[in-house]
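Take a look at the chain below.

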Amino acid sequence: VALGNKSTTKGENDVYNVNVPNTNTLASDIFYMVNEPVNVLVNGKYSGLTDDPREFNIPAGKKFTMYKPMIGDEVVITKDGLVDNKGDNTHVIPANNTTKLTWATETEISNVSLVYKHVGDTYVSIGNERVTAYRFICVKA
């Protein structure tokens with residue numbers, strides 16, 4: 001998510017509004033990653049019906065914790081957690097109008113302020129399913 005304005009509500013000194021990335025500000029936005037335990041809500045209100053992290057979402061208006069990625073941070077993201085297919089792309093970056101990262105080439109990473117480099121393929125287990133995932137290291141933040 002892209003960091004927005006600080007909340008003006010009394011008692012919310014450390015609360016910020018966040019935005020979905022926008023093409024016009026991809027190079028200048030300060031991006032954060034959501035840092036919440038997986039508590040999947042079905043239809044935005046029923047908790048505990050599934051433990052599949054691919055169904056994770058945060059309803060609009062709900063407060064959540066986040067962290068600022070730093071160079072050297074390592075993350076694993078499932079294929080479903082990314083926009084587009086890997087193909088020959090070597091990096092993932094924020095993209096217009098989505099909270100998912102999207103695959104990018106080496107030449108496309110200069111116009112954004114957050115970049116993760118692909119360092120390997122892997123799998124994660126979700127229930128009894130083996131899900132394709134990718135390992136990344138943050139190279140620009």
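Start at Phe136. Beyond its neighbours within four places in sequence, Phe136 is in contact with Asp73, Glu74, Val75, Ile77, Leu82, Val92, Trp103, Tyr116, Lys117, His118 and Val119. Contact means heavy atoms within 4.5 Å. This is a predicted model, where local features need pLDDT of at least 70, side-chain atom pairs count only at pLDDT 80 or more, and totals for chains, interfaces and linings use all residues. Residues are numbered from 1 along each chain as its sequence is written, and side-chain values use heavy atoms, with hydrogens and water left out.

Phe136 belongs to the largest nonpolar core, a group of 20 residues. Such a core is a set of buried Ala, Val, Leu, Ile, Met, Phe, Trp, Tyr and Cys residues joined through side-chain atoms within 4.5 Å. Buried means under 20% relative accessible area, exposed over 50%, and partly exposed in between (1.4 Å probe, protein chains only). Leu82, Val92, Tyr116 and Phe136 touch the most other members. Strands E7 (74-78), E9 (91-94), E10 (101-104), E11 (115-126) and E12 (129-140) each supply at least two residues of this core.

Now step back to the fold. The chain has 12 strands and zero helices. Both are DSSP runs numbered from the N terminus: helices (H or I) need at least four residues, strands (E) at least two. Of the 141 residues, 31% count as buried. Among contacts between residues at least 6 apart in sequence, 51% join residues at least 24 apart.

How does the radius of gyration of the chain agree with that of a compact globule? For 141 residues the globule would have a radius near 14 Å; the chain has 16 Å, which agrees. The radius is taken over C-alpha atoms, and the rule is 2.2 Å times the number of residues to the power 0.38. Along its principal axes the C-alpha trace spans about 50 × 40 × 25 Å.

Next, the loops. Val15 sits between strand E1 (2-6) and strand E2 (16-19). It counts as partly exposed because its relative accessibility is 22%. Leaving out residues up to four places away in sequence, Val15 touches Lys6, Ser7 and Lys63.

Most residues other than glycine have a negative phi. Asp84, in the loop between strand E8 (82-83) and E9, has a positive phi near 75 degrees. Asn97, in the loop between E9 and E10, has a positive phi near 65 degrees. Asp84 is exposed at 52% relative accessible area, and Asn97 is exposed at 62%.
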